[in-house]
Amino acid sequence: MRPVLLTLVLVVAACSQGSSSPPPPPVAMLSVSSDGRPAGPSLHVEGEAADNVVTLRVVATDLGGILGFSYHLRYDPTRLRILDTDVRRAQPAVLGPDAVMLAVDRQGDVSLGGTRSGARNGPAHLEGAVTVLELRVEPLVDGESAVGIQDVVVRRVDGALVPVQVAGARVVRGQS
Amino acid sequence: MTRLLPVLLLCPVVAHAALDVERQDIHADISGSELVIDLQLTVRGDGESVDLALLKPSLPVTLLEVDGEVTSLQDDPDFDVVSHVVWDTAPAADATTLVRLVMRGQPSCARNDGSGFVNCVFGPDETILAPPSVRFAWAYLGAFEVDLFTGTTVVVAPRELEVAAGQGAPTSVVDTGVGPRIWSFTVDIPTEVPVIYARGVQVVRSGEAPVVAGYYVPGGAREQLMTHAVGLGAQVMDIYGATYGTIPLDEFRLMTVPENFPFGGLGVLGNVLLGDYVIGDLDYLLEQGVSHELAHAWFGGVASCTSYEKGFMQEATAEYSAWRALGELQGNAVRVAGVRMNTVWYMFRRPNNADIAVLDSQVEQSPLYVHVTYHKGSSVLRTLEEMAGKEALTQALRALITRGELTAGQLVAEINNATGRSILEEFSQWLLRTGHPTLTVSSNTRVAGSGYTVAVSVDSEGDFSYRLPLVVDLEDGTSVVDVADVEEGSNAFNISTGSRPVAVRVDPEWTLVRRVYPDVLGDVTLDGRVDAEDLMEVALFAGGYVPDERRVDGSYDPLVDLNEDERIDDDDLLEVLAAAER
């Protein structure tokens, strides 16, 4: 995504050069670039920007039947600010109505995830790509701000660990 | 002869009587309205003794002969439950003399202890005589000393009844086509616990040697359950034979008895009596019960206790053997669940949280006897296995069985011998003292080179030193296993891993009687922080509870019972959430 962003910036610059009217006021350019989408069971971050707000989504892919998942979303709190006041509500009920979800923002380390309330209740099936978090953030400074996924643990109802690949994303804010 | 009756009634001292009953040939006629028992005892003299003390017969004695001369039993001056056969002159050393004792009458089956339980049933439809005991001495039983005998048992029984007695399959069944049938059995392996079982039952047998025969009243799911029991029993006996040595019997029996007998299971050499409910309403007892009682063929059968250590040396060993065998047959998780169940019952269901040492000399009189003997004692044997090694403990137990005597001191000596070091201190802390260690655990992980180092902190409360299994689960699905030597107080260990650690588990196989707390409230994965992984750990045990009934597996792990209400449920998940938000 970074090349795309640079292209956009160049296009804007070219248009400006071709105009005889006064230069417009600086516009904050905002974008999100995902670091990829790993194959197999994975969690990755993607998102989109509008105005000065970025909506980040954590997408779980091909996790299958699981008891629950846990991960940490890490960012630099001097560069990004979470806008949602209740991060727990930013997690769709993908583990079922009886699931217990956890979301704690420790200034740059958002502990997320949840579990079925009991292994005896059977697994939740996360087939294909499922959004497990939709979170609004605001860049505080220009430049690139990384959002990473770390310390992922996904378990089956028998307690077995599911190996999971991860990919984060970067939020880029610049001035045109 | 030391007069130790009050203790010996519970646990006789193994020592040959001065007059030694070598054989007891039992002829029992249960076909009439009265029970007729005709005993012939072959007694070896020592040239000095003239007195054979036995538990007072519980049926009227109609004849007593000593070497063909009619005589009479004499009462004991001190104990009203003891009688004596007295010789005019001492039988010569190494000579044998014959005693014939005939009893006839209606047995008094009720225990008369307010329990409502019985020692026997007697009637045309079923007759079951549990092993002789005080006030229920339907056969010879030495009053003051263990006196093992071989012999035969012949039972004259109504023809519609299946009969079991002695050891192994009947040597003959005489059926004239009318009237009673005559069943003959031998007792080739010395014992002191005869039984007679005659009931209108079905019999199902396992296929291959060692044959296990199951006697059950047909109906409901009983046939299916007994078929399962004999199949499992045969497999278990195979394992026991390989572990402790084969017992040369052609058949072992599982025999169900009415529910008013005072036990769920009673195992003697070759015979196991099981409450009807074990293949009925309480069939959760079946696998454990069958395995435990069959183990008594070794622990209490071919070898027996010498003292108040009987509980540990016979019951705890049988319970330990049962879960070990079930683990071999059904997977280690079954064994872990069984050991955890026993440990939890000891830790959480002792009346008033009182305690007594497993090998306390008063343990058999204690209301805590069951808790510390069956439950803690068997778990401690698992600890000894972990400490000494499975082979070493097996070797030690086998040596004891070969000797025929089970003593705690000899067990220590045999383990020492097998391991080449003294285990006395470890043995003592678990068995001569009360309690168990309480552990508070945390860890943190740091990157170290291309891998990680997990620093584990264990604060151990209680005067115990032990080997503590530590397992670090890694994100790639593998685990690193370490064993730490823990002393009372603070302990620190480093464990290196190649892949990222995700959880630390302390003694996950319950090799110790212990309680584990997380150092960080809610951190049940013991990784130093509270997150959704802890939620999952609680959810894995959700539904677990501390049962009110013995031997019910509540799948309870106190580590994840964060609010300590003896149930693992949503409230504990909420405790994790609350801890995470602190």
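In this predicted model, strands E18 and E19 of chain B pair in the antiparallel sense. The pairing runs over 4 bridges, and E19(B) spans residues 211-216. Within this pair, B:Val204 stands opposite B:Gly214 of E19(B).

Both strands belong to an open sheet of 5 strands in chain B. The order is E18-E19-E20-E22-E21, with mixed pairing. Strands E18 (202-205) and E21 (265-268) of chain B each have a single partner strand and stand at the edges, so one side of each is left without a neighbour in the sheet. On average, neighbouring strands of the sheet are turned by 15° against each other, direction ignored.

Two helices of chain B accompany the sheet. Helix H2 (residues 222-244) of chain B lies across E18, E19 and strand E20 (251-257). H2 of chain B runs at about 155° to E19(B). Helix H3 (residues 286-295) of chain B also packs on the sheet. H3 of chain B touches E20, E21 and strand E22 (271-275), and its direction makes about 30° with that of E21(B).

The contact between the chains takes 22 residues from chain A and 19 residues from chain B. On the side of chain A that touches chain B, four strands each supply at least two residues: E5 (68-75), E7 (100-105), E8 (109-115) and E11 (143-155). The largest share comes from E8(A), with 5 residues. By class, this side of chain A has 10 nonpolar, 9 polar and 3 charged residues.

Technical notes. Residues are numbered from 1 along each chain as its sequence is written. Chains are lettered from A and ligands numbered from 1 in the order in which they are written. This is a predicted model: local features need pLDDT of at least 70, side-chain atom pairs count only at pLDDT 80 or more; totals for chains, interfaces and linings use all residues. Two strands pair if DSSP finds at least two bridges between them. Axes are lines fitted to C-alpha atoms, for helices over the stretch in contact, and angles run from 0 to 180 degrees between N-to-C directions. Two residues are in contact if their C-beta atoms, placed from the backbone, lie within 7 Å. Ala, Val, Leu, Ile, Met, Phe, Trp, Tyr, Cys and Pro count as nonpolar, Asp, Glu, Lys and Arg as charged, and the others, Gly among them, as polar.
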